[in-house]
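Open the model in your viewer and keep the selection panel at hand. We will go from one contact surface to another.

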Amino acid sequence: MMAKQINLTIDGMPITVDEGTTILQAAKKLNIHIPTLCYHDDLCVAGNCRVCVVEMKGSRTLPASCAMPVAEGMEIQTNTIKVRTARKHIIDLLLSEHNAKCTTCYKNGNCELQELAAEYKISEPMFIDLVPHKNYQMDAYSPSIIKDDSKCIRCQRCVRTCEELQHVSALGVAYKGDKMKISTFFENPMFEVVCTNCGQCVNRCPTGALVERNYVDEVWQAIFDEDKHVVVQTAPAVRVALGEALGMEPGEIVTGKMVTALKRLGFDSVLDTDFSADLTIMEEGFELLGRLKKALVDKDPNVRLPMATSCSPGWIKFIEHTYPEYLDNLSTCKSPQQMFGALAKTYYAQKRNLDPAKIVSVSIMPCTAKKFEADRPEMRSSGYKDVDYVLTTRELAIMIKQAGIDFASLPESHYDSVMGASTGAAVIFGATGGVMEAALRTAYEVVTGREVPFDGLNITPVRGMDGVREAAVKIEGTKPEWSFLEGAELKTVVAHGLTNAKKVMDAVRDGKANWHFIEIMACPGGCIGGGGQPIPTNEEIRKKRAEAIYREDEGMPIRKSHENPEVLAIYKEFLGEPNSHKSHELLHTHYKERQRY
Amino acid sequence: MSNNFLRRVDLIFDKDCDFKQVLQSAYQKSNDEIINELLESGLKGRGGAGFPTALKWKFTAEQPDPEKYVVCNADEGEPGTFKDREILFQVPMKVFGGMAICAKAIGAKEGYIYLRGEYRFLLKELESQLEVFHALLDEMKIPFRIKIIMGSGAYICGEESALFESMEGDRGEPRNKPPYPTVSGFRKKPTVINNVETLVYSFMIFRYGARKFKELGTADSRGSKVFSVSGDTPKPGIYELELGMTVEQFVEEFGDGDTKAVQVGGASGFCVPRKKFKDTIIGFEGVPTGGSMMLFNSSRSMFNVLHNYLEFFEEESCGQCTPCRVGCQQLKLGIEAVKKGEKHANYLEQLQKLAQTMKITAKCGLGQSVANSFFSIVENFKEEMIY
């Protein structure tokens with residue numbers, strides 16, 4: 001059905017829009033910029049900050065354009081003296097409540113309040129500084145996220161993110177009036193509550209109230225320490241987003257430039273998480289096939305299906321808190337980051353003849369939860385902390401800027417070896433559905449000896465931005481050792497964003513699911529939309545990053561994990577075979593139940 | 001009453017009312033007839049905003065959604081107001097009756113009373129009265145039920161959309177409007193929300209007829225209204241008075257001979273100084289009020305009065321929107337700074353501009369109405385703000 005058309009004028013210009021459109025959206029169509037703060041493309045409308053107020057003919061009050069739907073014959077003015085005065089007052093009020101030590105703020109130069117203050121030329125504070133009257137406290141205990149209430153403008157973007165996108169609700173509004181603040185259950189520190197460390201709040205916070213805990217200085221320290229051998233691994237989703245933080249357009253593939261930049265920063269070896277992503281596929285693929293055999297042939301009642309991916313540390317913490325009875329459904333595989341870390345101080349150290357005690361292992365991740373993951377006590381199977389420092393995409397951009405590197409003009413170079421080789425299958429780990437697609441490419445071929453029956457290896461049903469996507473692959477013409485799977489249909493489901501994870505897990509819990517394999521990524525869009533990725537984010541940007549991921553895959557000479565030569569080599573030289581004893585020692589783990597409150 | 005101009009009426013507290021008979025006769029009318037009768041009466045909402053009650057019912061009745069609600073706002077929190085408490089204490093059946101008539105007019109099966117947290121002491125009695133009421137409904141074969149939901153003591157929850165949020169178990173924060181409750185209220189369903197007094201008057205209009213109600217009051221302010229009188233008065237209490245009197249007439253009756261100002265409508269209302277007593281009508285043509293009338297004599301510091309109000313708002317703002325949350329703090333600190341001489345007296349003008357911004361940009365009535373007392377006190381008692 002066609003939506004009803006509404007005619008209105010904005011700043012004297014007539015426009016016709018669908019019923020239900022807001023004034024803000026209508027103005028955007030006319031290329032009129034209305035400033036906003038609490039508004040975010042990904043979130044429900046709040047109308048809290050009131051920065052976007054406009055004048056509406058016949059109305060005593062100035063409505064917030066983000067929250068006001070259009071109506072027939074409406075006459076809107078977006079830039080009158082009344083509007084300007086009101087906006088300036090509002091910005092001034094926010095500044096009066098805000099710790100405006102911008103020069104020493106982590107978000108300096110990337111803060112929406114700061115931009116707005118500049119736009120409205122706030123030179124002199126109009127009102128009394130309220131900061132000394134407040135008992136602001138900083139929560140800096142989480143390894144992933146730092147919360148500084150003195151910088152909070154109470155727009156509630158983080159609250160809406162945590163509740164709507166993630167169904168976690170670790171953040172909520174507490175108290176009222178002048179004491180109103182964004183807080184946690186019983187005001188406990190973030191690391192003691194249900195927070196999954198996903199960082200989606202960080203990605204949407206307009207100021208410096210929520211930021212990642214940054215380890216830039218520690219990494220510089222390690223780089224400049226002559227005694228240390230610093231290896232760096234870069235996650236698949238970083239290479240399609242890093243450019244944004246350095247002035248490039250969303251969706252640019254900057255893999256080669258990034259490698260060059262990392263070498264110039266002084267890392268001793270620049271390696272690729274994609275290598276261990278391929279390894280993950282081998283371990284996880286065989287684990288799945290093993291579980292299917294146990295279930296179908298051995299009729300083992302203890303085998304847990306569906307099996308769920310374990311790459312996303314935000315998802316892991318979510319299931320630990322929310323569905324602990326399904327922990328055994330998780331693949332026992334560590335995430336690619338942690339597999340890499342464990343191998344960096346064992347296999348890599350052996351190959352390069354290095355003392356693992358002197359290796360500093362750094363990872364560049366699109367993710368804030370990876371910082372928490374690296375700190376887990378389970379993640380020391382090399383005998384050392386497997387990954388020493390995790391930097392987000394944003395932090396890497398900071399280092400590149402600090403080093404004075406002109407990123408856009410860098411030549412391209414290749415990853416080092418060993419543990420630098422990768423495939424298209426590993427690259428697509430960066431987008432939602434990617435792990436599933438990579439696993440299917442390998443599992444199908446292992447079982448049948450033939451390529452997965454999709455056009456050009458592109459398993460399109462698992463791609464895209466729908467919250468929950470199902471796909472089934474019929475297995476035909478199996479090799480003799482896999483004949484028990486002949487004619488079976490492998491049913492899979494992919495979910496991204498924890499609200500969708502909940503939908504999938506509820507279906508499993510309620511017995512409404514017949515899937516064998518579940519892929520869940522904590523962040524919208526998967527890692528390309530991770531909490532450590534460049535700000536801003538919205539669906540359009542995430543789609544561009546995902547398209548870049550698939551372009552990168554198409555351009556790779558090898559697109560199946562089991563054909564990665566370095567992966568084949570590590571099994572031959574070091575691990576034996578997938579799910580071997582050694583693999584389990586280094587590459588697999590178990591997780592634990594956590595309290596919901 | 002000593003004053004000829006002040007007519008004390010006794011519509012709602014009248015104990016002789018045959019409750020069942022009024023309900024029966026209302027239920028014999030068609031939905032349109034009920035709404036038309038109410039329209040004819042000219043009744044405006046008694047919460048302060050004064051929206052025509054019949055239109056609220058009509059808009060809700062017109063919604064196609066079969067699930068609708070009638071909600072009684074008994075979250076009386078305005079400083080100096082205690083009339084709803086008295087109504088609920090004395091004539092709860094009439095409140096229930098008003099809800100039942102509304103339910104018939106709009107097609108609702110369920111009604112809710114949102115009772116102020118501080119009025120928990122009324123709960124037991126109200127619930128036992130509800131049992132009687134429900135038994136009567138059963139006898140009359142009226143499929144309608146009322147439940148009571150307790151508030152927790154937040155002033156903002158008297159704001160209708162924050163009240164719905166609270167009823168739904170969420171934090172009491174106002175919603176964006178539109179949509180209005182008539183389209184999307186409790187559980188996002190079409191809802192009539194009236195305060196206690198409005199519902200009582202709705203019921204009484206079906207006892208006395210619209211015409212009799214309309215005879216009382218003025219063209220803009222029909223009928224009578226319940227006032228809670230407090231402050232410097234020898235006669236504090238609850239009075240039902242005909243609308244249309246001037247502040248001067250009111251002060252003649254209730255003042256202590258030394259009244260310098262009357263705060264009409266509580267903290268969110270207007271302060272009327274003595275020089276304006278004569279020309280100010282209490283009602284929609286003058287100063288509207290939810291019922292709170294506070295008298296101040298010359299022993300009172302108007303700075304302290306305003307400071308108290310601002311302290312109240314600073315604490316009772318939900319904190320959601322910027323103009324209200326930060327604006328209230330700035331107004332309070334601002335007048336303190338002027339009083340202490342830390343800011344020049346002309347800073348008051350800056351604060352008045354801020355109050356103006358709050359009035360036009362705050363998300364809900366709370367933030368918008370802070371300006372009322374601020375303007376009227378600062379303008380009329382400026383020297384008290386400075387020296």
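Select the interface of chain A and chain B in this predicted model.

Now colour the chain A side by secondary structure. Helix H2 (81–96) and strand S7 (172–174) of chain A each bring at least two residues to the side that touches chain B. Which element gives the most? H2(A) does, with 7 residues.

Next, look for charge pairs. How many salt bridges does the rule find across the interface of chain A and chain B? There are 2. Zoom in on Glu97(A) and Arg325(B): their side chains form a salt bridge, at 3.0 Å from N to O.

Zoom out and select both sides of the contact. Chain A puts in 37 residues, and chain B puts in 36. Switch to a surface view. About 3000 Å² is buried between chain A and chain B. Carbon and sulfur atoms give 56% of that area.

Give each domain its own colour: domain 1 (19–214), domain 2 (224–297) and domain 3 (302–378), as the domain assignment has them.

Focus on domain 1 and domain 3 of chain B. Their centres, taken over C-alpha atoms, are 32 Å apart. Select the residues in contact: 13 come from domain 1 of chain B and 8 from domain 3 of chain B.

Show the surface again. Domain 1 and domain 3 of chain B bury about 900 Å² between them, with 66% of it on carbon and sulfur atoms. On the domain 1 side, click Tyr155(B), Ile156(B) and Pro174(B). These residues lose the most area to domain 3 of chain B, together 51% of what the domain 1 side buries.

Finish with the polar view. Between domain 1 and domain 3 of chain B, the count is 0 salt bridges. Polar contacts are present: 3 residue pairs, both residues at pLDDT 80 or more. The side that touches domain 3 of chain B has 5 nonpolar, 4 polar and 4 charged residues.

Key. Residues are numbered from 1 along each chain as its sequence is written. Chains are lettered from A and ligands numbered from 1 in the order in which they are written. This is a predicted model: local features need pLDDT of at least 70, side-chain atom pairs count only at pLDDT 80 or more; totals for chains, interfaces and linings use all residues. Side-chain values use heavy atoms; hydrogens and water are left out. Domain bounds come from an automatic or database domain assignment. Contact means heavy atoms within 4.5 Å. Buried area is the accessible area (1.4 Å probe) that two parts lose on being put together, summed over both. A salt bridge is a side-chain nitrogen of Lys or Arg within 4 Å of a carboxyl oxygen of Asp or Glu. A polar contact is a pair of N or O atoms within 3.5 Å; within protein, one must be able to donate a hydrogen and the other to accept it, and residues adjacent in sequence count only if both atoms are side-chain atoms. Ala, Val, Leu, Ile, Met, Phe, Trp, Tyr, Cys and Pro count as nonpolar, Asp, Glu, Lys and Arg as charged, and the others, Gly among them, as polar. Helices (H or I, at least four residues) and strands (E, at least two) are DSSP runs, numbered from the N terminus.
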